[in-house]
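Here is a short tour for a first look. Keep the sequence and the 3D view side by side while reading.

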Amino acid sequence: MKAQLLQFWQQREPRERLILMIGGIFLLIALLYALIWDPILAERKRLTRMVPRMQQDLVELKGIVEQVKGMPAKVGKQPVQTALENTLRAAGINDLQVSGNASQANADIKQASFAALTTALARLHDEQGIDVTTLQVDALQDPGQVKAQLQAVRP
């Protein structure tokens, strides 16, 4: 292949060689422009158009963050025992015994759906600010049913 190209080149007149070299250089420049330079310029223009929009989004997000920071926390003020019992019963967990006071409570759940229990405990934390400090869950024979003992406190 190399020998064929060299033979082709040597068979050309000096004027033809000059024209072929100039054409090759222009072709190389055109390819570099089309494949490298032009895509870079197009992307730069696109990014330049995006900057003002992104700056506006940033200002809006900072405003939203300030609004959220200024909102009062939605932490309930019910005693822990009352909040625990009400939340579990609202989730359909009725076979239970709850004891405790305003700052901590214990619950003994004889039978409940695991999904209902986890949902209720998440709501208890999110809506009342009450954390479960100990939790023991045992599976029952019915699929998805559990019995549980737990202790909850408001930090």
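The report below covers a sheet, its helices and an annotated segment.

## The sheet

This is a predicted model. It contains an open sheet of 4 strands, in the order β1-β2-β4-β3. The pairing is antiparallel. Strands of a sheet pair through backbone hydrogen bonds.

The edge strands are β1 (95-100) and β3 (131-139). Each of these pairs on one side only. From one strand to the next, the twist averages 10 degrees. β1 and β2 (residues 104-113) are joined by 6 bridges. D95 has Q111 in β2 as its bridge partner.

## A helix across the sheet

Helix α4 spans residues 114-128. It lies across β2, β3 and β4 (145-153). Relative to β2, α4 runs at about 155 degrees.

## Two helices in contact

Helix α3 covers residues 80-90. The axes of α3 and α4 come within 9 Å and cross at roughly 135 degrees. The crossing of α3 past α4 is right-handed.

Which residues meet here? On the α3 side they are A83, L84, T87, L88 and A90. On the α4 side they are L117, A120, R123, L124 and Q128. The contact residues divide into 7 nonpolar, 2 polar and 1 charged.

## The annotated segment

An unreviewed UniProt entry lists residues 18-40 as "transmembrane region". In the model, this stretch is 100% helix and 0% strand. The C-alpha atoms at the ends of residues 18-40 are 32 Å apart.

Terms used. Residues numbered from 1 in each chain as written. Predicted model: local features only at pLDDT ≥ 70, side-chain atom pairs only at ≥ 80, totals over all residues. Heavy atoms only, no water. Pairing = 2+ DSSP bridges. Axes fitted to C-alpha atoms, helices over the stretch in contact; angles between N-to-C directions. Contact = heavy atoms within 4.5 Å. UniProt positions renumbered as here; feature names shortened; annotations may be inferred. Left-handed = near helix turned anticlockwise from the far one by under 90°. Nonpolar A, V, L, I, M, F, W, Y, C, P; charged D, E, K, R; others polar.
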